[in-house]
Amino acid sequence: MANPTIGRAAESRPSRKRRVQPMRKMLPPVLLALALTVATAAHTAGSAYKVHVAGLACPFCAYGIEKSLGAIDGVARVETHIEDGVVIVEMAEGATLDRAKAAQAVKDAGFTLDGFEAPAGSGQ
Amino acid sequence: MQIAPLSFLARSALGLTLLVLTASLPTGATAAPQTFNTALPVARGEFMLRQQFLYRKAEDDPSAADRDMEVLGGISVLGYGATGDLALFGVVPFLDKSLDLTTSGGARVTRDTSGLGDIRLFGRYTAFRADAKGRTFRIAPFVGIELPTGDDDDADSLGRLPALPQPGSGSWDPFFGVVATWQTLQYQIDAQASYKLNTEANGFEFGDELRLDASLQYRLWPRELGAGVPGFLYGVLEGNFVHRAKNRIGGADDPDSGGEQLFISPGLQYVTKRWVAEAIVQLPVAQNLNGAALEDDVIVRAGFRVNF
């Protein structure tokens, strides 16, 4: 025998699921977008410079370059790509890096500045 | 009666031990050979700490004393970058030496000693540098001195040890040399020539020492480099040629000391941005030692380095 109450209840469950499920599905993308927004904001807070280093050929030596470049005022983050011989130097918001300071830091680390790329629009 | 063979030892095995250990203290600053130095830089204001553990065995004694010697050591190296080209180093050895021998009376005795050895201080300057993307060639002379910081009056139950087995030499010994390094992302070659001018103390003088060293490091892994700074696993093959002049006791040459040795040494080294782990086995492939000098069987070195 059909029970109208049970039937209604049975009918109502899927409708609750339909209301809840979209929210659960939406949560991860929302959080991801939020995280990406924050991360992007953090990265775009300052300028990123490419410092080309000649003579860098082993991981242990990379630490010295990162330490030397990281000691420059305004440097927020340093990241080495050893195969390319490139160190990415990200500056804090409003800070800039000039070639002379980068060259001195590379020299202090025992290496040679091979190139210096300032971000577009930096005027360098 | 038991002291006589010890004097004999002093003229042969233990003298050789001290010479080998003090002359081959590791001083490398970066990814570098494990038995000698490198010309790679220490950044200005950067410290590098290296700790190496050492085991040495020598038991092929041609004499009736049937000497059997073991050496355990811990060698600490602190390097500092004064400038991008000038690096300063301090080398602090701690050695534990044990020597079994048969006395002229037929008794088997053990004599051992341990303690701080002679500290080395030296500076290394990069005199020539040719850098290009992913490779470098450098030549760096170095000069330093070995200080008489180790005890030279240790004694055991048989009495005071002779001059040679003492942890320290008691003498101020200058040394100098030059090291060259050719490094690419795939491999590294180092070569070094050095000379140690030993001086006299308490009537005893170790023979001067000439060393010629070479090393090849080849990156085994990763085969392909990606972004960032991956750790490198190097296969290592090193060679060490050592010539020692005879020791002098009371102004006279000791006929049971000095000679030449050639070691070939396979090893491994894992290098990251902040630390290095390494191990190597030194195998004597040729030994032309004077008199009854004790020959080496094997030397094992293992350790790590960190920079900060």
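Where is the place of B:Ala277? B:Ala277 sits in strand E19 (residues 275-289) of chain B. Helices (H or I, at least four residues) and strands (E, at least two) are DSSP runs, numbered from the N terminus.

This is a predicted model: local features need pLDDT of at least 70, side-chain atom pairs count only at pLDDT 80 or more, and totals for chains, interfaces and linings use all residues. Residues are numbered from 1 along each chain as its sequence is written, and chains are lettered from A and ligands numbered from 1 in the order in which they are written.

**Around B:Ala277**

B:Ala277 has 15 C-beta neighbours inside 10 Å, so it counts as partly exposed. The cut-offs: buried means 20 or more other C-beta atoms within 10 Å of a residue's own, exposed means 12 or fewer, and partly exposed lies in between, with C-beta atoms placed from the backbone. Leaving aside residues up to four places away in sequence, B:Ala277 touches B:Tyr270 and B:Phe304. Contact requires C-beta atoms, placed from the backbone, within 7 Å.

**A sheet in chain B**

Four strands of chain B form an open sheet in the order E12-E13-E16-E17, with antiparallel pairing. Strands E12 (200-201) and E17 (252-253) stand at the edges with a single partner strand each, so one side of each lacks a neighbour in the sheet. Pairing needs at least two DSSP bridges between two strands. Two bridges join E13 (residues 204-205) to E16 (residues 248-249) of chain B. B:Phe204 has B:Ile249 in E16(B) as its bridge partner.

**Helix H2 of chain A**

H2 (residues 59-70) and H3 (residues 99-108) of chain A pack at about 140°, with axes 8 Å apart. Axes are lines fitted to C-alpha atoms over the stretch in contact, and angles run from 0 to 180 degrees between N-to-C directions. The table lists the residues that make the contact.

| Helix | Residues in the contact |
|---|---|
| H2(A) | A:Ile65, A:Ser68, A:Leu69 |
| H3(A) | A:Ala102, A:Ala105, A:Val106, A:Asp108 |

Of H2(A)'s 12 residues, 11 are buried, so the helix is largely enclosed by the rest of the structure. Among them are A:Pro59, A:Tyr63 and A:Lys67.

**Chain A against chain B**

The contact takes 25 residues from chain A and 32 residues from chain B. On the side of chain A that touches chain B, H2(A) gives the largest share, nine residues. By class, that side has 12 nonpolar, eight polar and five charged residues. Here Ala, Val, Leu, Ile, Met, Phe, Trp, Tyr, Cys and Pro count as nonpolar, Asp, Glu, Lys and Arg as charged, and the others, Gly among them, as polar.

Terms used:
Two residues are in contact if their C-beta atoms, placed from the backbone, lie within 7 Å.
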